[in-house]
Amino acid sequence: MTQQPPTPLWTNDTSEARMTGTWRSAMPNYKNLPSPCRGACPVGGRIAEWIREIELGDYKKAWTILADNNPFPSIAGRICHHPCETDCNRNQLDETVGICNLERFVGDLALKENWSFPAPTVSRDTSIAVVGGGPAGLSACYQLRRLGFKVSLYEYQKQLGGLLRYGIPAYRLEKKILDGEIQRIIDMGVDVHLNAEVGSAEALKELHEKHDAVYLATGASRSKNLPGLDYSQSWVMDSADFLAETNAEMACDLGKDLVVIGGGSAAMDVARTARRLGRNVTVLTLEPEDKLPAHEVEVVEAKEEEITFVSGAMMQSVEVNGEQITLKCIRVEFLQGEARGQFTINPIPGSEFELVTNGVIPSIGQDADLSRWQDLLNSEGPVISTDKQWQTSTPGIFAGGDVASMDRFVTQAIGMGKEAAFAIARQLAPVSNETSSPDDPMVPYSVINTSYHSTLRRHLAANSEVEARLQTFDEVQQPLSHDEAVAEASRCFSCGTCILCDNCYLYCPDMAIIKLEDGYEVKDDYCKGCGLCVAECPTGSIAMQEEK
Amino acid sequence: MEQINYTDEGQFFSGHVACAGCVEAVSLRVILNTVGPDAVAVVPPSCTAVICGGYPFSSVKIPVYHTTLESGAASATGVKRALVKKGKPDTTVLCLAGDGGTYDIGLQALSSAAERNEDILYICFDNEGYMNTGGQKSSSTPVNAVTGSTPAGKSTKKKNMIEILAAHRIPYVATASPSDLNDMAAKVKKAQGMKGTKVIIILIPCLPGWGVADNSAVKIARMAVESGVFPLFEIEGGLDYTMNYSSKNGSVKEYLSVQKRFRHLNEDQISSIENDVDEDWQRIADKAGV
């Protein structure tokens with residue numbers, strides 16, 4: 001009997017016939033959750049997305065994404081209080097990404113290249129009056145024009161800008177930057193009325209009759225008065241007047257040595273402006289130095305400019321002797337209250353001291369003038385009361401910015417203007433402009449795979465030399481160079497923003513992820529649900545989702 | 001961020017039966033797509049045999065010859081010589097084996113092939129044990145690691161296979177890790193372009209065998225490289241050392257602590273392992289002139 005050779009076993013198909021997807025209990029989902037910077041941003045800016053465009057070199061696209069939520073990138077890039085940088089996930093690896101410096105880089109480039117906003121794609125007959133040409137009002141004008149509404153802007157000053165023009169000194173924000181970014185909004189077709197005060201309930205009512213809705217953003221221009229100080233004296237000057245006059249390049253009549261009272265941002269602006277006018281400046285604050293409401297960098301820069309701080313103390317009385325003014329002061333214990341701006345103070349007996357000066361500029365905050373509209377609009381404490389949609393007690397009249405909120409940062413006003421514009425739009429016309437749900441969780445640091453991000457110190461924008469600063473009102477903060485900006489942009493984790501790096505695709509052990517032109521798709525026939533793609537995603541854009 | 005830059009040419013198919021999250025599959029994908037279509041694979045019993053096969057299906061586009069556990073390198077030798085006789089001298093012959101088929105049962109065949117400098121590209125997927133048969137220890141299992149056959153921890157050290165191979169003075173020996181796919185692809189490409197016996201040992205953290213999470217194998221491999229437990233280096237001609245990742249900035253202790261097989265270690269055992277890692281690293285670094 002002859003033995004048959006063994007028959008070789010040949011495969012006859014590929015393993016693709018086997019559906020390994022049945023093993024799975026969870027599947028990756030490309031979620032693109034919001035980054036923490038976006039969550040912290042007062043205008044809800046898509047920060048990770050526009051920074052990515054800088055890294056890729058498409059600056060115009062970066063600007064377009066930026067300007068979606070904020071028409072003032074050049075301004076915000078200079079003066080925003082940047083809560084985005086505080087919340088930046090990169091803080092937990094080395095240092096925050098310099099978001100503000102990058103915003104300024106894009107904003108300045110847009111002005112230099114003369115990029116303009118596109119004309120609205122629809123045109124509506126509905127017309128809206130915006131009262132107040134500051135950051136909130138202009139932001140509302142911009143968003144309403146984009147949605148195709150007719151917009152009339154009423155400003156009681158002779159120029160637009162509000163606090164940006166009359167409150168922020170030129171060494172922080174150059175006037176030509178301000179003019180450029182305002183003009184770009186006006187060029188979208190805003191009907192501007194200057195020197196047009198809406199000073200009474202009747203005037204407001206009349207305006208409301210002429211328009212389908214009114215947005216009130218008149219700011220808070222009335223200074224709070226410091227008790228025990230006689231404002232009629234020639235050696236006292238209100239801080240808002242001081243800033244408005246110096247910003248208009250008017251001369252200052254106060255003497256050589258000045259005391260600025262207050263620890264907020266405006267007080268820093270006053271003190272530093274006075275320094276540039278050749279005065280010796282002392283800042284007197286109730287708050288101890290580590291609790292000053294002004295931004296830390298402002299205090300640091302003020303000190304660099306040889307401004308003296310006397311913190312944790314208050315003025316009790318004044319003695320005048322010719323040119324010489326003596327402020328009788330006492331140290332205080334400062335106890336922060338729960339709400340912003342709330343506090344209690346206890347003078348410390350026996351700690352009295354004196355400050356001798358030639359002039360005093362109180363700068364302890366601003367109030368809105370609400371009495372003029374009291375017949376028409378309800379107020380709540382120091383601001384006009386509004387509902388969640390920024391609508392006042394009179395339907396059709398909306399309010400925002402400093403007149404309706406104690407959130408007093410410029411970018412918060414810009415954000416409020418945007419929100420009100422969308423609220424007005426929703427009420428007047430069927431427009432869809434849904435942003436992501438505020439309930440979405442932010443991308444936490446723990447889901448960023450940091451092995452794809454090497455540690456690298458921040459490229460910080462430089463300041464000009466102190467001596468040069470004190471000679472002029474030129475901007476202190478210098479721009480990032482092109483190379484610095486691109487390098488800084490590359491530090492961004494792009495939290496929650498897919499950067500099309502292919503890690504998920506190439507790390508999939510099962511070839512279960514396919515590449516699309518602008519993203520990826522999971523093949524549920526084969527995905528075993530291991531989660532390796534999620535673990536190796538450098539940006540935290542993917543999450544596993546349980547399947548039912 | 002450095003992009004992974006190899007291209008998937010469709011050489012490895014979905015539907016294979018590697019465990020969910022297995023980085024041996026990820027590595028196979030890199031190797032097969034880097035080597036390309038003009039190749040034949042020889043596979044002794046191993047996880048790879050299971051992943052590639054499962055009769056009547058194949059997950060690999062090139063022909064695969066399944067051979068016996070002790071004869072991977074010998075079979076690859078035969079296939080290569082036959083291809084040369086058939087006028088196909090340029091066809092790459094890959095031997096894809098596990099650490100059992102390399103360090104233990106296949107060592108005689110590999111040593112002989114290396115001694116003859118047979119023209120094969122030998123890949124060892126080193127998951128430090130017989131993980132395909134339930135997780136018994138191999139001579140690649142590191143000291144103190146718990147396996148099915150060393151329930152109190154292995155009492156001897158991992159065999160230094162790389163230097164055994166280097167002692168054969170073959171053209172190319174290298175280590176690679178699934179945490180650096182660019183490095184892995186570059187080494188495969190480089191080895192493919194050389195004549196003679198080339199061996200690449202790839203560390204494969206085994207999810208069930210090492211007791212780690214399904215999504216963590218790349219992370220564990222990265223920790224092994226960064227802590228110096230598994231240095232990435234090449235030895236050309238048996239003498240010329242190059243280190244590919246020359247900083248040692250990770251923690252050995254952390255690498256050990258995330259794996260169930262090392263969970264029982266006491267401080268003395270950990271510091272003894274740390275000393276071994278430091279010594280090995282220093283010896284390689286000295287040879288590489290780092």
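**Notebook: chains A and B**

I began with A:Gln412, which is buried at a relative accessible area of 17%; buried means under 20% relative accessible area, exposed over 50%, and partly exposed in between, with a 1.4 Å probe and protein chains only. Before going on I noted that this is a predicted model, in which local features need pLDDT of at least 70 and side-chain atom pairs count only at pLDDT 80 or more, while totals for chains, interfaces and linings use all residues. I also noted that residues are numbered from 1 along each chain as its sequence is written, that chains are lettered from A and ligands numbered from 1 in the order in which they are written, and that side-chain values use heavy atoms, with hydrogens and water left out.

**Entry on A:Gln412**

I placed A:Gln412 in helix α14 of chain A, which covers residues 410-428; helices (H or I, at least four residues) and strands (E, at least two) are DSSP runs, numbered from the N terminus. Leaving out residues up to four places away in sequence, I found that A:Gln412 touches A:Pro42, A:His81, A:Arg340 and A:Asp407, where contact means heavy atoms within 4.5 Å. I then looked up A:Asp440, which is 28 residues from A:Gln412 in sequence and 21 Å from it in space, C-alpha to C-alpha.

**Entry on chain A as a whole**

I counted 18 helices and 21 strands in chain A, whose C-alpha atoms fill a box of roughly 135 × 55 × 45 Å along the principal axes. Of its 548 residues, 54% are buried. Among contacts in chain A with a separation of 6 or more, I read that 71% are between residues 24 or more positions apart. Chain A exposes about 25,100 Å², 49% of it supplied by carbon and sulfur atoms; accessible areas come from the Shrake-Rupley method with a 1.4 Å probe, and for residues only the protein chains shown count as cover.

The chain carries 49 positive and 77 negative side chains, and the centres of the two sets lie 2 Å apart. Here Lys and Arg count as positive and Asp and Glu as negative, with His and the chain ends not counted, and each charge is placed at NZ of Lys, CZ of Arg, CG of Asp or CD of Glu.

I wrote down four domains for chain A: domain 1 (15-31 + 498-546), domain 2 (36-116 + 443-489), domain 3 (127-221 + 368-428) and domain 4 (225-364); the bounds come from an automatic or database domain assignment. Between the C-alpha centres of domain 1 and domain 3 of chain A the distance is 48 Å.

**Entry on two loop residues of chain A**

I found A:Gly199 in the loop between β5 (190-193) and α10 (201-210) of chain A, and at 31% relative accessibility it counts as partly exposed. Apart from residues up to four places away in sequence, A:Gly199 touches A:Arg372 and A:Trp373. A:Arg372 is 173 residues away from A:Gly199 in sequence, yet the two lie 6.2 Å apart in space, C-alpha to C-alpha.

A:Trp390 sits in the loop between β17 (383-384) and β18 (397-399) of chain A, and its phi is near 65°, a positive value in a residue other than glycine. I noted A:Trp390 as buried because its relative accessibility is 14%.

**Entry on chain B**

I counted 11 helices and 9 strands in chain B, and its C-alpha trace spans about 60 × 45 × 40 Å along the principal axes. The radius of gyration of chain B is 18 Å, which agrees with the value near 19 Å that a compact globule of 290 residues would have; this radius is taken over C-alpha atoms, and the globule rule is 2.2 Å times the number of residues to the power 0.38. Buried residues make up 59% of chain B.

I looked up B:Pro178, which lies in the loop between β6 (172-176) and α7 (181-192) of chain B and is buried, with a relative accessible area of 0%. Beyond its neighbours within four places in sequence, B:Pro178 has contacts that include A:Tyr507, B:Val23 and B:Met184.

A cis peptide bond, with omega about 10°, joins B:Tyr55 and B:Pro56, and I placed B:Pro56 in the loop between α2 (47-52) and β2 (57-58) of chain B.
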